[in-house]
Amino acid sequence: MTDPVSFLFRKKRKPVEKRSHSIAVIDVGSNSIRLVVFAGPRRNPALIFNEKVMAGLGTGLAETGAMQAESMERGLTAIRRFSRLLSSYGVSEVICVATAAVRDASNGPEFVAKVAEIGFEMRVLSGAEEAQSAAAGVLSSIIEADGIVGDLGGGSLELARVSNGKVERAISLPVGVLRSDQLIAKGQAEIQSYIADLIAGTEWADMNKQLPFYVVGGSWRGLARVDMFDTGYPLTVFHNYHIAKERIGPLVDRVIASSRDDLRAIPRLASSRIATLSNAAQLLQAVTSLFQPSHIVVSSYGLREGLVFENMDEATRTIDPLLDSTRRFGRYQSRHGSDGTALYDWLLGAFPTLDKGYKRLLLAACHLSDIGWQANPDFRAERALEVALHGNWVGIDATGRAMLAQSLYTSFGGGSSRFTNHERLCSYEELDMAIGWGLAIRAGQRLSGGREEILRRSRLAIDGTCLKLELTGDDKDLQGESVQRRIGKLASYLSLDCQA
């Protein structure tokens, strides 16, 4: 007699999409040295390894003009470890770059030579190249970015103007959290005057005001963690987190007045960033005083992701990162290996007037519309909500996450009520729209059992004031009571009559 357990594990499993590419980046910065390894689809590869060593190469550089021997050895020790790790990873490509500290130090060439002995050809980026790549990282993940990117490191501040998916101009300023102690001691007016003098006579001096300011760099991201904590932000994801311009002054004052113990109490605030957080806050205040941004947008993507993005071919760069990642994840999790596009085409009949942005979110929801079936039935709605809110998605803001979450929550049985903790994320009107999407997804999944061919042979449409489900031939037998009930709930929610 066949053992049912062994038979279960011998069943043929769905093929998993293989990692098409892997790439590692070693980023030798003024404050930290980091190794990141990405693998998976080229457009939006997953981060599979991330390690940071606070070598402090830029410490004391402003006073001596050279990197300290102790810092250099700490950095080389980290790079030797990275080399050993990478030999076991078998990555397709390694990009090794250095930024301001190695660029500006008199003993920078010595450090580059020692890294070469370890086995890496380290490219020392110019300030403009560093700004360009950091901005590319923002563009790779916030595809609609239109404003100024500011990347604050230990030894420099890179600025870039981005618009229409391109970097229009870039500049590097010798202002960083490790080389600004003397400047910051002179007070906020002196900091702002110094930065203004650096950009005087350049095209940055007359930069348009009221543009979004996209912040990159661990220290400025640390400020975002403080603001999220202070304002009770309901998500832990800080990518694409917005800080209102009115919050900048109070946030800076709060950080300056806080002890290190106060800051250590903030969840997910990296302890390695606390020492430089006050400098970072005061530099942010000076820069925003000059450029007067409409608001601040936090990007968790920067130089390293930008280097990977720049390494892609043009066709790959134009792929929508949200739709690509939700499609892949949804297909892997679904019962029948579908990606939800047939469901999307089917339910558009109930939402004929959606604009392009909402259609994109609806398609992402359809990609994820079958992710809950393996979960406990009593927890499916909550699981879908969590995946949408905290999934590693890019190309989506907090409002988009909330609408995605609401639609999936409703589709997996969460009902027509709004999920809790949404007030900071989304308007009632947009959540109500997403509830309608969820009811439509729920109806389509009941009709088809997740089989795309059934949806392709049927049609959902609005005729006047009536929502109609059109089936032909033998498919009319699919119109059972449960299907009629779900179509009816959708019609009622949309204030339509029902014909199912």
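Four cavities of 30 Å³ or more were counted in this predicted model. A cavity here is a set of points, on a 1 Å grid over the protein atoms alone, where a 1.4 Å probe fits but cannot get out. Grid points are joined across faces, edges and corners, and a volume is the space filled by probe spheres set on the points. The model is predicted, so local features need pLDDT of at least 70, side-chain atom pairs count only at pLDDT 80 or more, and totals for chains, interfaces and linings use all residues. Residues are numbered from 1 along each chain as its sequence is written, and side-chain values use heavy atoms, with hydrogens and water left out.

The largest cavity has a volume of about 110 Å³. Its lining residues (those with an atom within 4 Å of a point) are F38, R43, N44, P45, S140, Y301, E305, V308, F309, M312 and V394. Helix 13 (residues 303-310) gives the largest share of this lining, three residues. Helices (H or I, at least four residues) and strands (E, at least two) are DSSP runs, numbered from the N terminus. By type, the lining holds seven nonpolar, two polar and two charged residues. Ala, Val, Leu, Ile, Met, Phe, Trp, Tyr, Cys and Pro count as nonpolar, Asp, Glu, Lys and Arg as charged, and the others, Gly among them, as polar.

The second largest cavity has a volume of about 90 Å³. Its lining comprises 13 residues; S338, G340, L343, S369 and Q445 lie nearest its centre. Helix 17 (356-367) and helix 21 (452-457) each supply at least two residues of that lining. Here the division is three nonpolar, eight polar and two charged.

Strand 12 (residues 459-463) and strand 13 (residues 466-470) run antiparallel and are joined by five bridges. Two strands pair if DSSP finds at least two bridges between them. L460 has L469 of strand 13 as its bridge partner. The two strands form a hairpin with two residues between them. In the turn, G464 has a positive phi of about 70°.

The chain as a whole contains 22 helices and 14 strands. Its radius of gyration, 26 Å, is close to the 23 Å that the globule rule gives for 500 residues, so the chain is as compact as a globular protein of that length. The radius is taken over C-alpha atoms, and the rule is 2.2 Å times the number of residues to the power 0.38. The C-alpha trace spans about 85 × 60 × 45 Å along its principal axes.

Note on methods. 1 Å grid on protein atoms, 1.4 Å probe; cavity = no way out; pocket = protein on both sides within 12 Å on 5 of 7 lines; lining within 4 Å.
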